Amino acid sequence: MTAPAIRISGLKKNFGASEIIRGVDLDIHRGERHAIIGPNGAGKSTLFHLISARLPVTAGAIELKGENVIGLKPFEINRKGLSRSFQITNIFHNLSVFENLRCAVLWSLGYRYSFWHRLAGLADARLRAEAVMEDIGLANRRDTPAGILSYAEQRALEIGITIASGADVILLDEPTAGMSRSETDDAVALIRRVTEGKTLVMVEHDMGVVFGLADRISVLVYGQIIATDAPAAIRCNAAVQEAYLGTSMNVGNEHE
Amino acid sequence: MSLLNGITYGLLLFMLSSGLTLIFSMMGILNFAHASFYMLGAYFAYQISTWIGFWPGLLVAPLMVGVVGAAVERYGLRRAHRFGHVAELLFTFGLAFLVEEIVHLIWGKVAVDYRIPVELDGTLFTLFDTSFPIYKGFMMLISVGMLVALYMLLTRTRIGLIIQAALTKPDMVEALGHNVPRIFMLVFGGGTALAGLAGVIGGNAFVTEPGMAAAVGSIVFVVVVVGGLGSLGGAFVASLLIGCIQTFSIALTISITDVFAVIGVTLPEGSQVARLTITQLAPVLPYLLMVGILIFRPRGLMGARES
Amino acid sequence: MNSHVSDAVFRRGRLLLWGGFLALAFALPLAFKSGFLVSLLCQIGIMVVFALSYNMLLGQTGLLSFGHAVYYGMGAFITMHMLNIIGKDGSPLTTALLPLVGGLAGMLAGVVLGYVTTKKAGTTFAMISLGIGELVAACALMFPGFFGGEGGVSGNRVVGKGDLLGFTWGPQVEMYGLIVAWAFLATVAMFALTQTPLGRMANAVRDNPERAEFVGYDTQRVRYLMLILSGFFAGVAGSLTAINYEIVTSETLNAHTSGVVLLMTFVGGIGFFYGPIIGAILITVMQIVVGGMTHAWLLYFGLFFLFMVLMAPGGIASVIAIQRNLWMAGLFGRMVPHYLAVALPVLVLLAGLVGLIEMSYALLAGEGVGAGDTATKVMKMELHLNTPGPWLAAVGVTAVGMALTRWIGGRTRAAWNAALSTLHGDKA
């Protein structure tokens, strides 16, 4: 039996005295699309930051495809096949769309820190970057500096950079935040297309997106996972409804 | 005796590094021209002392420097701020360059005769055959007085509380950030005035010349790095530490060979390193300390922030 | 595949450009047989390499260094010692290859010092580079055996007997040929570097280090490698200085030299590959020409620099690039009258300021600076600085210039903004 794509056990994260992640156990199966939902401040983004090593873990274990990744640097985890996007757009602003994507594929194609290859001569990097550019619908913006793209275009580029390297575990942090209805629909189609055959974990607030895309859903409330199940089961889970309707707890505005 | 001298020098360094730290913490600007304001303080005080004497200068010169500093913030930095941190840093760098040239223009390229006032000229006490001059005592008095005043300002006033908040929670104040340009101007003016005061009392104790800014400037940067960027306490400890290292090492005339002999290692005769004395090493010690700190404790002695 | 065609055309254009520059560089001293010009061109060639190597850090990797002279100086000192070691037994060929040795020395310095400095980026890097620069400069005074103390180390670039294809490097013109050859090679190499994976990732690290980490790159490693390579080219430049002037003093690796290269690069424009070339040419010419006319040269330089920081932070290259974009969009013609209109009051303002500065210098700078006659010479007038007349005139001219500049400058700015918004409107 193969190890899960991601296995999190007993994960904790404190900021000073406040506990943000209070013991999370979660298995992400290979090849599934997994959504993490929960009220604001539940710690969803923090959980992503811990998995991708943007923040150091306080306690607990994280395994990526059966391998312990605690203590690794972000670039080391990335090289093991985990790639992520950010809630706040995180792209190379002064580089063109094409260059953004080419930067994202260089390492995985093995060019490392080479100063003896000519970029223009690297057909594989160019083709892969162009393919992704086509995929995310930015082919007509090839030479535009990323910094002056529209918001939706930047979000698409953010996803493009994340998937370009061919990582098989993809973390998307609120990919559709701030988008209009039609932009969201495009983004969902895009995500569905580009994560085909890969493991996807996403944080998302838009329930339409979540229930449309996810194979399984985990609900994170106040630093703990209260339920992990198929969408239909989550919809009628009493604890989840309680958390969302706020009948007993009102954690919505405490953090962030 | 060296200890007293070291503390005096360290306190002087702290007057500079505290202003630099405050400005850095509040505004995120590393003021490259900070030591230039120190130099301006010394020259203003010199000019005033030739007209009306030392004592009025002690008060007026720092105020003048502070006004110049505030003007620089208002009409220069605020504009450079729009282009980002590199532009700000380059602006202060260019300013340091310009101040030196203006000093050349007005006061010439050689040291001016900025003297210790006669009332303070003399020996305070003698210990082990070395005399401790009154003026050093006066410098300590002023520095400690300023320290107390700064402490009171930071803990007892509203502006002080905001500044303190900025030190511990830079993001919070960043959120307020652009709504408080006046506080920025005050902090910059205040920080530069502190540097000016240090110049007034340091200029005559050492030497008042156009090269003084460059000489002190890099040491102050070392202090801030060693203490930890943005940490007032760290700046204080590092100032004293480096002040003492500087004065002690100048007083020591043993060579590297002697040092190694103590631990039982004999260096080959005649190599240049072996013949160096600690005194000769004095100018590089602070930098060596800085490099050591960076390798073993990148945050600095008391720094909380990573970068 | 459209992009391929344009790529090829671009490449042919680029080849023409490179070739043109090389031809111009060789033609200039032949056209004007002036010793002064050749010396000036030698200095320019060296500074171009130095400034380009600096921009590998500042413009391409986003590292603001205050200690770049260290690598330049190491290249220079090692070269000078090598020159003295090979001495009589050497040949012109070995002399011609010395810049490679200098480059390796700079690179080695980068390997050692860069390990410490590139742990950090941003402001911290700037401070550390300053500290390291000071450390090395202080060491230079501590080890007179290697650094030559106050007097520096000198040598003779004509070594051994015979020649290399007729060159001994003795005459300044031959030296110039050597400098052009090395400068050209170094420039091509540095440009090529911008077109490699490392070069591009340096840009990525500059723009967004966090994202660079999340596409698999160790940003610290990228910075370190760029610093080492930049050290190499700085070492080549330093080596050329050593061979050219046949003397190296501790001045070559102190903070002043680091400052000058920073100013050159920034004024030229850090966002474009050719920016530092413009900066190096302009500042070197100004240094020698304006520096020969007035003692206040450094003051003008400082003012010019601050003006650039506040008004055109992209440097001269960015100003040129904007004009080119305007030209392409057919908007340039519209701006010309505005440029001409604003030029007049600016000239008036400058005349007033220069008058004030020169008179102050003449009056205040005192003995030893050649004061007294400077102002009168520059302005071709006999001025009595102890009377209020010339001062009032200068202040008046300055005030009028300032008022006019504000008035007309406001209109120019409005026209400028309008042109820019049309330009960007076209793009979007």
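Mentor: One term before the sheet: two strands pair if DSSP finds at least two bridges between them. Also keep in mind that this is a predicted model.
Trainee: Okay. In what order do the strands of the open sheet in chain A come?
Mentor: The order is 6-7-8-3-9-10, which makes 6 strands with mixed pairing. The twist averages 15° from one strand to the next.
Trainee: Which strands stand at the edges?
Mentor: Strand 6 (82-84) and strand 10 (224-229) of chain A. Each has a single partner strand, so one side of each is left without a neighbour in the sheet.
Trainee: How do strand 3 and strand 8 of chain A run, parallel or antiparallel?
Mentor: Parallel, with 4 bridges joining residues 33-37 to residues 199-203. In one of these strands, strand 8, Val201(A) is the bridge partner of His34(A).
Trainee: What does helix 1 of chain A pack on?
Mentor: Helix 1 (residues 44-51) packs on the sheet, touching strands 3, 6, 7, 8 and 9 of chain A. Its direction makes about 145° with that of strand 7.
Trainee: New topic. How many residues of chain B are in contact with chain C?
Mentor: 38 residues of chain B, against 36 residues of chain C.
Trainee: Which helix of chain B supplies the largest share of that side?
Mentor: Helix 4 of chain B, with 13 residues.
Trainee: And what is that side of chain B like by class?
Mentor: It has 28 nonpolar, 8 polar and 2 charged residues.

Key:
Residues numbered from 1 in each chain as written. Chains lettered and ligands numbered in written order. Predicted model: local features only at pLDDT ≥ 70, side-chain atom pairs only at ≥ 80, totals over all residues. Contact = placed C-beta atoms within 7 Å. Helix = DSSP H or I, 4+ residues; strand = E, 2+ residues; numbered from the N terminus. Nonpolar A, V, L, I, M, F, W, Y, C, P; charged D, E, K, R; others polar. Axes fitted to C-alpha atoms, helices over the stretch in contact; angles between N-to-C directions.
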